[in-house]
Amino acid sequence: MIAASAAVLLFGPTAAVASADPAADTGALPADLVAAVQRDLKISADEYLNRADVAQQVAAFATNAQRQFPQVFGGAWLDEAGRAVVALAQGPGADEARQAAESAGFEVRNVAKSEAALRGEKSAFERWLDGQPAVIANLVRGVVIDTVNNSIAVRVDQVGLPMPSFIDPSRVIVMAPPIAGEQAPMPQATEIAEADGQLAAGDGYASVAGDVSLRCSLGFNGTDRNGNVVNISAGHCNPDIPSAGTGNAAGVYEVARGDRLGAQLGSFAKSVLGNQDYSIIRIDDQAAGRFANNTVRAGGAAPIAIEGVASPVVGAPVCKSGSRTGFSCGVVNAIDQTVQVGDRELTQSFSATICALPGDSGGPLVSGRMALGISSASSVADYPVCEIPNLIGALTGNVPQLFAQPVSVVLSDNPGLRVRTG
């Protein structure tokens with residue numbers, strides 16, 4: 001299942017034809033991922049890897065700049081050509097910050113507000129919203145720092161809502177209310193499928209609690225603080241969240257031929273659904289060897305090996321894998337955002353211009369060869385196939401959006417949890 005919230009492309013650049021020279025070895029990229037990169041991003045696989053690498057370079061710079069130049073650092077992103085941009089406001093340390101950014105090879109853009117000032121505006125907006133009557137507050141779907149436009153952007157259900165004076169009216173974006181995904185009943189297989197093949201991120205699974213079953217995608221393979229084999233997937237893929245970590249936890253099953261329930265693989269050790277959306281699936285000992293890999297794939301085809309964990313960066317190329325729609329790619333267009341999904345508020349999430357459908361939930365998002373996120377919510381989950389919203393997006397600019405749970409946040413919340421990288 002994948003929750004849905006209709007939205008439009010709000011923040012950051014869209015993909016463009018590469019202008020940089022190829023600078024990476026694509027030998028380890030599977031053919032279907034290369035095809036998705038060329039189809040969706042209109043760039044080569046070499047340029048995809050190059051941009052992913054540049055994004056992490058500017059992410060590392062941003063982390064340091066937030067500490068060293070808090071009064072002037074205004075954010076960082078990749079532009080449409082894949083070049084790293086660092087925004088700087090006027091103030092103490094501006095000259096030093098500019099020299100550091102230019103020495104690193106990044107373009108510098110002058111802006112009016114620092115990232116710290118924008119965070120203050122975001123907090124002020126949230127306080128303002130808390131004081132509004134429900135008839136107004138319930139029509140606001142989320143708020144995010146829009147670094148590319150050096151402003152705060154707000155998603156709403158309808159035009160004409162009152163806003164505080166510091167919100168730019170052009171950054172108030174109308175979107176339809178979220179739509180929940182459907183459950184996916186899984187009939188019991190009459191014969192248990194053979195359980196000897198490797199299982200990778202992007203492969204499908206079924207979660208079962210009593211008469212309720214959901215269809216999702218495996219996320220990144222890993223180990224917990226005790227060395228147990230686990231898989232990191234979505235919280236809303238657990239049909240019985242309160243039972244996680246108990247003897248009655250919902251089971252996770254392989255999907256056998258004919259979309260039937262296959263062998264049990266494990267159960268939910270932890271599920272979080274609220275401000276975050278992730279699950280840690282404890283893999284049963286008899287299936288642990290099947291998860292002893294660091295790969296992501298689609299449709300059982302050749303995989304890509306994960307080498308580490310990345311930070312979301314606006315403009316960075318990203319590809320998702322899901323058991324419903326396989327590989328598809330886009331660019332990150334918002335980070336560290338708050339968005340209303342159904343009756344819960346997802347915080348610290350990022351979004352990307354990617355189509356995902358029910359069944360893709362819990363699956364992996366990668367940037368280059370790095371683990372980036374877990375599929376959480378889609379703007380187009382009520383469409384039967386991605387070709388329809390992709391065509392609408394090409395004609396209108398209202399491209400699909402996939403909201404994701406950053407892997408880095410999951411690891412931070414669970415000391416000792418690791419994503420397999422070898």
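User: What makes E5 and strand E6 a pair?

Analyst: Two strands pair if DSSP finds at least two bridges between them, and E5 (residues 140–146) and E6 (residues 151–156) have six, in the antiparallel sense. One place to look is Ile145, which stands opposite Ile152 in E6. Helices (H or I, at least four residues) and strands (E, at least two) are DSSP runs, numbered from the N terminus. This is a predicted model, where local features need pLDDT of at least 70 and side-chain atom pairs count only at pLDDT 80 or more, while totals for chains, interfaces and linings use all residues. Residues are numbered from 1 along each chain as its sequence is written, and side-chain values use heavy atoms, with hydrogens and water left out.

User: What lies between E5 and E6 in the hairpin?

Analyst: Four residues separate the two strands, and Asn150 in the turn has a positive phi of about 55°.

User: How do you know that E5 also pairs with strand E20?

Analyst: Two bridges join E5 to E20 (residues 328–341), and the strands run antiparallel. That count meets the requirement of at least two bridges. Here Val143 stands opposite Thr338 in E20.

User: Why is Cys329 called buried?

Analyst: Buried means under 20% relative accessible area (exposed is over 50%, partly exposed in between; 1.4 Å probe, protein chains only). Cys329 has 4% relative accessibility, so Cys329 counts as buried.

User: What makes Cys319 and Cys329 a disulfide?

Analyst: A disulfide is a pair of cysteine sulfur atoms within 2.5 Å, and here the S to S distance is 2.1 Å. The torsion about the S-S bond is about 100°, so this disulfide is right-handed. Cys319 sits in strand E19 (residues 317–320) and Cys329 in strand E20, ten residues apart.

User: Which hand does the link of Cys355 and Cys386 have?

Analyst: That link is left-handed, with -85° about the S-S bond. Cys355 lies in the loop between strand E21 (344–352) and strand E22 (364–367), and Cys386 in the loop between E23 and helix H6 (387–396), so the pair ties together parts that are 31 residues apart in sequence.

User: Which residues have the most contacts inside the largest nonpolar core?

Analyst: They are Tyr48 and Phe220, in a core of 49 residues. Such a core is a set of buried Ala, Val, Leu, Ile, Met, Phe, Trp, Tyr and Cys residues joined through side-chain atoms within 4.5 Å.
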